[in-house]
Amino acid sequence: MTASNRPVLWVLRILSAIVLAAIGGIHLFLVFDGVGGILGVFFVLNAIAGIVLAIGMLVLHGRLLVFATVLSLLFAIASLAALLLALTVGLFGITETWDFTLVPQTVVVDAIGVVILAIATPVVLRSQRAA
């Protein structure tokens with residue numbers, strides 16, 4: 001990777017970490033806001049994964065960074081897909097409505113995360129190949 005591309009990589013890593021932490025933070029907030037049962041368990045797991053992946057995007061290097069980036073992209077896609085399924089046909093017997101707490105905001109944050117990570121993933125892959 002050339003020296004001129006390093007700032008771009010770091011900006012993408014930081015943006016990825018921010019959006020992953022936001023995805024996790026939204027789910028953790030919803031648990032503290034009263035979401036319980038199996039959905040609450042899934043939300044806690046989502047929050048943990050989002051925070052761990054956000055940290056990974058900032059501290060990992062080499063092949064571990066590639067792994068974390070690809071996993072983060074899949075995580076963001078899965079989080080958005082799960083919410084969209086819950087909004088449309090239901091997921092694991094759980095249906096969601098647009099007027100529930102933070103649903104529109106979560107769709108926006110998850111979609112932004114998918115876009116950022118879809119851009120970051122090939123950049124990280126190219127930087128690994130160049131190294």
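How far apart are the mean positions of the positive and negative charges of the protein chain? In this predicted model, the mean positions of the 5 positive and 4 negative charges are 36 Å apart. Lys and Arg count as positive, Asp and Glu as negative, while His and the chain ends are not counted. Each charge is placed at NZ of Lys, CZ of Arg, CG of Asp or CD of Glu.

The model is predicted, so local features need pLDDT of at least 70 and side-chain atom pairs count only at pLDDT 80 or more, whereas totals for chains, interfaces and linings use all residues. Residues are numbered from 1 along each chain as its sequence is written, and side-chain values use heavy atoms, with hydrogens and water left out.

View 1. From the N terminus on, the order of elements is α-α-α-α. The radius of gyration is 16 Å, close to the 14 Å that the globule rule gives for 131 residues, so the chain is as compact as a globular protein of that length. This radius is taken over C-alpha atoms, and the rule is 2.2 Å times the number of residues to the power 0.38. Helices (H or I, at least four residues) and strands (E, at least two) are DSSP runs, numbered from the N terminus.

**View 2. Helix α1 spans residues 6–32.** Its 27 residues reach 38 Å from the first C-alpha to the last, close to the 39 Å expected at 1.5 Å a residue; the expected span is 1.5 Å times one less than the number of residues. Among the buried residues of α1 are Leu 9, Arg 13, Ile 23 and His 27. Buried means under 20% relative accessible area, exposed over 50%, and partly exposed in between (1.4 Å probe, protein chains only). The cover over the buried residues of α1 includes α2 (37–59), α3 (62–88) and α4 (103–130). After α1 comes Gly 34, with a positive phi near 125 degrees.

**View 3. Thr 121 is found in helix α4.** Thr 121 is buried, with a relative accessible area of 9%. Leaving aside residues up to four places away in sequence, Thr 121 touches Thr 69, Val 70 and Leu 73; contact means heavy atoms within 4.5 Å.

**View 4. Leu 102 lies in the loop between α3 and α4.** Most residues other than glycine have a negative phi. Leu 102 is not a glycine, yet has a positive phi of about 60 degrees. Leu 102 is partly exposed, with a relative accessible area of 26%.
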